[in-house]
Amino acid sequence: MLNADLAHLADEVRRVEQAADWIHLDVMDNQFVPNLTFGLPVVESLMRSTSLPADCHLMIADPDRWAPAYAEAGAGSVTFHVEAADNATRLCREIRAAGARASVALKPGTDISVIEELLPELDMILIMTVEPGFGGQSFMADMLPKVQRARALADRTGTDIWVQVDGGIDLTSIGRCAEAGADVFVAGSAVYRADDPARMVDELRTVAQGACAHP
Ligand code: ZN
């Protein structure tokens, strides 16, 4: 939603409601990232205005304190940054106990090995394919090997861990991410800068499914 019109968020959600599987909400605190978006009250009101499950991506400095509340408020998935968490294991358990999928995000400079011990607690791994903080950035193709490694780690657990990519996902990059093993795709600018956002979601899905290494 970072690329949507923030003054009309509920309307913007409705524009993709028939096409998208989830609504991805980028929460930024102007501390973990140099940008500020919205927090729990706005997320709660958006969740009331849509039937889509909320995928909350928390780019915040103190997820240990704030992340469980998003799960308690009814988010379907809560992602926190591994770089920001004091006790990632405990946090994942709290998120799951509150009924949401637990997910961890890695900035481009963070090595995938830091989450190996956390795998049993995870429902999703988010590989950032831009530096978090702003929409509209170019896709970082050098993150594709990291997506592959995340996929390999996820598969090794034998559980259904999703691998999500976020940042610069459009019709040119989405197929490469799917080939590398991603199975959840966040598209912001590509969707909201399109004339018909819902149709763009469908087109993106078709390209990803055509390239998918992990159906
Ligand atoms: Zn995001």
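**Figure 1. D26 in strand β1 of the predicted model.** D26 is placed in strand β1; helices (H or I, at least four residues) and strands (E, at least two) are DSSP runs, numbered from the N terminus. The model is predicted, so local features need pLDDT of at least 70 and side-chain atom pairs count only at pLDDT 80 or more, whereas totals for chains, interfaces and linings use all residues. Residues are numbered from 1 along each chain as its sequence is written, and side-chain values use heavy atoms, with hydrogens and water left out. With a relative accessible area of 7%, D26 is buried; buried means under 20% relative accessible area, exposed over 50%, and partly exposed in between (1.4 Å probe, protein chains only). D26 and D55 are separated by 29 residues in sequence and by 8.7 Å in space, C-alpha to C-alpha.

**Figure 2. The aromatic pair of W22 and W162.** One aromatic pair is present in the structure. The ring centres of W22 and W162 are 6.0 Å apart and the ring planes stand at 80°, so the arrangement is edge-to-face. Rings of Phe, Tyr and Trp (its six-membered ring) pair if their centres lie within 6.5 Å; planes under 30 degrees apart count as stacked, over 60 as edge-to-face and the rest as tilted. The pair links distant parts of the chain, 140 residues apart: W22 lies in the loop between α1 (9-16) and β1 (23-28), and W162 in strand β6 (residues 162-166). W22 is partly exposed, at a relative accessible area of 26%, and W162 is likewise partly exposed, at 22%.

**Figure 3. Charged side chains over aromatic rings.** R101 lies over the face of W162, 3.4 Å from the ring centre. K107 places its charged end over the ring of F32, at 4.7 Å from the centre. A charge sits over a ring if NZ of Lys or CZ of Arg is within 6 Å of the ring centre and within 35 degrees of the ring normal.

**Figure 4. The nonpolar cores.** The largest nonpolar core has 65 residues, of which V78, I95, I115, L122 and I125 touch the most other members. Such a core is a set of buried Ala, Val, Leu, Ile, Met, Phe, Trp, Tyr and Cys residues joined through side-chain atoms within 4.5 Å. Helix α8 (residues 197-211) supplies the largest share of this core, six residues. Leaving aside residues up to four places away in sequence, I115 touches V82, V104, L106, L122 and I125, where contact means heavy atoms within 4.5 Å. Another core, of five residues, lies apart from the largest one and includes M28, F32, V33 and M59.

**Figure 5. The cysteines C56 and C92.** The count of disulfides is zero, a disulfide being a pair of cysteine sulfur atoms within 2.5 Å. The closest cysteine sulfur to that of C56 belongs to C92 and is 15 Å away, too far for a bond. C56 is buried, with a relative accessible area of 0%, and C92 is buried, also with 0%.

**Figure 6. The chain as the setting of the close-up views.** The chain has eight helices and seven strands. Its C-alpha atoms fill a box of roughly 45 × 40 × 30 Å, taken along the principal axes. Buried residues make up 54% of the 215 residues. Among contacts with a separation of 6 or more, 61% join residues 24 or more positions apart.
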